[in-house]
Amino acid sequence: MPNANRGSVGFRSDEFDQEYDRPSKSELKRQSNELQKLGEQLIEAPRDRVKRVPMPDDVRDAILMCQTITNHEGRRRQLQFVGKLMRTLDEEEVSVIQRTIESWKGTSKAEAAALHALERRRDKLLADDKALTQLLEEHPHLDVQHLRTLIRNARKEQAENKPPKAYREIFQILKDLAKAPKAAAGDGEADTEDDEDDESGE
């Protein structure tokens with residue numbers, strides 16, 4: 001005997017398709033949590049970076065506002081509001097924000113590696129007098145007397161457990177030296193272009 005609940009009388013064939021097209025509750029919850037975390041990453045980021053992220057003005061304003069709130073309950077409420085706004089973004093807007101944050105991570109890793117290299121060089125200057133000779137060969141314009149005084153003072157700071165004033169100043173000098181070649185390279189590129197123009201004119 002035919003089942004009355006089947007066939008054209010019981011339901012339309014596309015009803016189940018519509019149901020399965022919709023994300024499950026657990027999937028929606030996961031997406032919501034991811035967007036909340038994305039908002040929190042933006043809140044933890046430096047303000048100048050957040051201002052440059054492509055996103056709607058109301059979302060950016062809410063994030064910048066949250067960064068200024070120190071009251072625990074007020075910040076919690078603003079975090080929830082940011083999460084709510086993040087859930088209004090479309091896939092492309094979310095994707096752009098994710099790519100931007102990923103690019104920050106790459107930059108941060110490179111910066112961290114460069115700083116560690118400078119720290120190692122500073123420690124070498126304190127441990128080995130030959131390291132100073134090498135540094136002066138690379139940068140003959142440096143004030144050798146000033147550097148020797150700083151190194152001597154830094155060693156004394158470490159031995160007597162004093163605040164690392166000279167130790168930090170040595171790091172700053174090395175940091176400035178690391179920036180200088182980049183500026184020089186930029187000038188060099190311009191000179192190269194001029195040389196190429198001259199050669200092409202011959």
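Two residues are said here to touch, or to be in contact, when they have heavy atoms within 4.5 Å of each other. The model on screen is predicted, so local features are reported where pLDDT is at least 70 and side-chain atom pairs at pLDDT 80 or more, while totals for chains, interfaces and linings use all residues. Residues are numbered from 1 along each chain as its sequence is written, and side-chain values use heavy atoms, leaving out hydrogens and water.

**Whole chain.** Show the protein chain as a cartoon: it has 9 helices and 0 strands, where helices (H or I, at least four residues) and strands (E, at least two) are DSSP runs numbered from the N terminus. Of the contacts with a separation of 6 or more, 54% join residues 24 or more positions apart. Among the 202 residues, 27% are buried, a word that means under 20% relative accessible area with a 1.4 Å probe, counting protein chains only.

**Ile97 and its core.** Select Ile97 next and display its contacts: leaving aside residues up to four places away in sequence, Ile97 touches Leu38, Leu42, Val53, Pro54, Met55, Met86 and Leu89. Ile97 is also one of the residues with the most contacts inside the largest nonpolar core, which has 21 residues; such a core is a set of buried Ala, Val, Leu, Ile, Met, Phe, Trp, Tyr and Cys residues joined through side-chain atoms within 4.5 Å. At least two residues of this core come from each of helix 2, helix 4 (57-68), helix 5 (72-86) and helix 6, and helix 4 gives the most, with 5 residues. Apart from this core lies another, of 19 residues, including Leu132, Leu135, Leu147 and Ile173.

**Thr100.** Return to helix 6 and select Thr100, which lies in that helix. Thr100 counts as buried because its relative accessible area is 18%, and, again not counting residues up to four places away in sequence, Thr100 touches Val53 and Pro54.

**Second largest pocket.** Finish by selecting Arg30, Gln31, Glu34, Leu35, Leu89, Asp90, Glu91, Val94, Ser95 and Gln98, which line the second largest pocket. Helix 2 (25-44) and helix 6 (91-127) are the elements that give two or more residues to this lining. A pocket is an open set of points on a 1 Å grid over the protein atoms alone, where a 1.4 Å probe fits, with protein on both sides within 12 Å along at least five of seven lines, and lining residues have an atom within 4 Å of a point. About 180 Å³ of space lies in this pocket, a volume being the space filled by probe spheres set on the points, which are joined across faces, edges and corners.

Definitions and conventions
Buried < 20%, exposed > 50% of the residue type's maximum accessible area, 1.4 Å probe, protein only.
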